[in-house]
Each structure stands twice: as C-alpha cells, then as structure tokens.
Amino acid sequence: MTLEILDPGPQATIQDYPGRVGLASRGLFPAGPVDHLAFRLANLLVGNDPGAAGLEIPSGRFTARARFAGVVAFCGAGTPTVNGRPVPLWEGVPVEPGDVLASTAPEGPGFRLYLGVSGGIDVPPVLGARALHTMGGIGGLDGRPLIRGDLLPVGRGEPRRLRVPQSLRPRYHQHWELEVVRGPHADPEFVTPEDWREFTSARWRVNLNSGRLGVLLNPHRFTWARQDGGIAGDHPSNVLDASYPFGGVIVNGDVPTILGPDGPSSGGFTVLATVTHAALWRIGQLRPGQDTVRFREVDPEEADALAARTEFVLDPAHLEEC
C-alpha cells in the first residue's frame, strides 16, 4: 500500500489541512496546502476526511506509480493521466497496482495541482500534523520535498468516487481579485488614504520568485503617512516586531508580499491588509511571473459571508456520485 514517486516535478510536498495550528506564538506558521479548497475537495472525492494528507504539486508536473488498489482525485491546475490516458480533474478515478499516475503543466490558468489518495498518505504526524513546513524542515517525509524513488505509505480507508458539479468548480484566471480586510497597519496612521486607494485599485504583478513562503508583488513607492518607523527603524514600513497573520500583506520597504503557509510568523514590517479565508485558496493558483492581482476591501461581516459560500462546495451532499 504505497505510492512510488517516479518524478516529483519541481517541489511536490506532502500536506494536510489545516496543518499545524496554534504554534504561531512559537514561531511556526501552519504549513498545509496553499490552495486549501482544491486540496480538501481532492480528499472528499476519494472518500477521505477533507484534511487527510495528500500531495501538493506546483506547476502540475508529476509522475508516480500506484502500488495499491483504490481511488485518486486530481484537483487544481494540471493535465492528469493514468497509464497515459487523460483523466478528468475534480473527479474520483479508480486505480490498480502498477498504474502510472502523471500530470503535465496546466493548459490554462492556475499553478498548483493536488492529488488525493483514498486512505490518505500515512506518514507520521510531527507536532500534530503531517504537513511539510519547507523552511522548518519538519513533517512530510523526512522533513523535505519528495524525490525520485520515495515510497509513500497509503492508509486504509473506504474509497468513494465523487465528482464536483461543473457549477461548483472553482474558476481560474490570469487576472485575479482577492478580498482583504484592512490592516492592522493601514491608513491614516501608517499610509495615506491615497496610498490605500491605490493599493485597492492597482493591478499588482506576481513576482517570479513567489512560493510557499509568500507571494511577492511588484515594487511600489508608497507616500506613507509618517516620515519613518520611529524607534522601529528608519523606513516608514518598519514597526516593532509583532505577529503576522497568515495571508497578511506585509510591506517590506517598497515590496508588498502576501504571506503563505510557510512564511514568517512575526517580523518588523507593516501589515497593510489581510486576505480573507474565502480568498486564501486563490493565492495557491497565482502563476509566478504571469498573473496579476487586484485587492478588494471588505468588512468582517462580508468576509464571514464569503467564507460560508466557499465552504458550501465542501459539503459532500453537494457532490455527485460517479
């Protein structure tokens, strides 16, 4: 009952959801999938708990051999095949021992592919989760991304074959909109009202060096509402070190960065805005060097309503039997 890795692509990793929660005060972000929606759906489609351990595959490039009989599901961005024959995304697919599972880069927008395996990937939990934290080197398989020849143990479950209805499947784009809640460091104390209007109206280019730590955006010279950071530093983007929220948009000098699941848990830069739970999954599908982002401010009440809408698709009652 294993999955043999033949080609892991650029940086395939084992993740689970929600990762290691409750450890930010000890300096550890949760890890887990960057696109939590596609990841959880991949698990549900094969009969797993939505948080079971599965694979995150950047750029959609990946090859493995099944050494088990069960069901797999590919969700996200990629062009999957089984034994060289195309298989659909967003749908459970039966596999037998010896079957070769593969994927190539997505033909359309999107960046990450997720593989759910009935029974889940059964590596030992570390600090309460199986998710690999790439910077901390903990979790996953031996605290590292996958390499050729790895044998991943597969748990025993009760496989199902479900599909996501077309009307409920996430839509991927090249130009994205992310809902954000203002602050904790925004106008008028840290940036000017004009800065904030520009932040929420501009198209931001996703930097080629983006990854699980964070999504870097194009540099921008803010006006700022103060001359410097006072006792925190010479630049007005400096603040006294404080906790960062997952999905926070920090401004390091002139570079806005959306913090990812392996990012720093604290630091000395302003957090201009925080991406809502409903929009966090989209960060995982931003294509480095190509896509753009526009931020839209919402209040906490609208953020909660959007989160409930995102969770709607994850109710198994809304999925279809294959």
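**Entry 1: the loop with P184**

I began with P184, which sits in the loop between β13 (175-182) and α2 (193-199). This is a predicted model, so I read everything below as prediction. The peptide bond joining G183 and P184 is cis, with omega at about 20°. I then looked along to P188 and found that this proline also lies in the loop between β13 and α2. A cis peptide bond joins D187 and P188 too, and here omega is about 5°.

**Entry 2: T270**

Next I went to T270, which is found in strand β19 (residues 266-275). Is T270 buried or exposed? T270 is buried, with a relative accessible area of 0%. I listed its contacts, leaving aside neighbours within four places in sequence: H185, F190, W224, R226, P236, S237, V239, V249, I250 and V251.

**Entry 3: the cysteines**

How many disulfides does a search of the whole structure find? The search finds zero. As a reminder to myself, a disulfide is a covalent bond between the sulfur atoms of two cysteines.

For the cut-off, a disulfide needs the two sulfur atoms within 2.5 Å. I checked from the other end as well: for C322, the closest cysteine sulfur is in C75, at 11 Å, again too far for a bond.

I also compared how the two cysteines are covered. C75 is buried, at a relative accessible area of 0%, whereas C322 counts as partly exposed, at 39% relative accessibility.

**Entry 4: around C75**

I stayed with C75 and placed this residue in strand β5 (residues 70-76). What does C75 touch, not counting residues up to four places away in sequence? C75 touches A38, L41, A42, L45, L89, W90, R112, L113 and Y114. I picked out L45 from that list: C75 and L45 are 30 residues apart in sequence, and their C-alpha atoms are 9.4 Å apart in space.

**Entry 5: positive phi angles**

N83 has a phi of about 55°, and L127 has a phi near 55°. Where does N83 lie? N83 is in the loop between β6 (79-82) and β7 (85-86), and it is partly exposed, with a relative accessible area of 36%. L127 has its place in the loop between β10 (112-117) and β11 (151-153). With a relative accessible area of 58%, L127 is exposed.

**Entry 6: P219**

I looked up one more proline. P219 lies in the loop between β15 (214-216) and β16 (238-243) and counts as exposed, at 59% relative accessibility. Which residues does P219 touch, if those up to four places away in sequence are not counted? P219 touches D254 and V255. The C-alpha atoms of P219 and V255 are 4.5 Å apart in space, although the two residues are 36 apart in sequence.

**Entry 7: the whole protein**

I finished by stepping back. The secondary structure comes to four helices and 21 strands. The C-alpha atoms fill a box of roughly 65 × 40 × 30 Å, taken along the principal axes. For 322 residues, a compact globule would have a radius of gyration near 20 Å, and the protein agrees, with 20 Å.

Of the 322 residues, 56% count as buried. I also looked at contacts between residues at least 6 apart in sequence, and 76% of them join residues at least 24 apart. The protein exposes about 13400 Å², of which carbon and sulfur atoms supply 51%.

How far apart are the mean positions of the positive and negative charges? There are 29 positive and 36 negative charges, and their mean positions are 6 Å apart.

Notes:
Residues are numbered from 1 along each chain as its sequence is written. This is a predicted model: local features need pLDDT of at least 70, side-chain atom pairs count only at pLDDT 80 or more; totals for chains, interfaces and linings use all residues. Side-chain values use heavy atoms; hydrogens and water are left out. Helices (H or I, at least four residues) and strands (E, at least two) are DSSP runs, numbered from the N terminus. The radius of gyration is taken over C-alpha atoms; the globule rule is 2.2 Å times the number of residues to the power 0.38. Buried means under 20% relative accessible area, exposed over 50%, partly exposed in between (1.4 Å probe, protein chains only). Contact means heavy atoms within 4.5 Å. Accessible areas come from the Shrake-Rupley method with a 1.4 Å probe; for residues, only the protein chains shown count as cover. Lys and Arg count as positive and Asp and Glu as negative; His and the chain ends are not counted. The place of a charge is taken as NZ of Lys, CZ of Arg, CG of Asp or CD of Glu.
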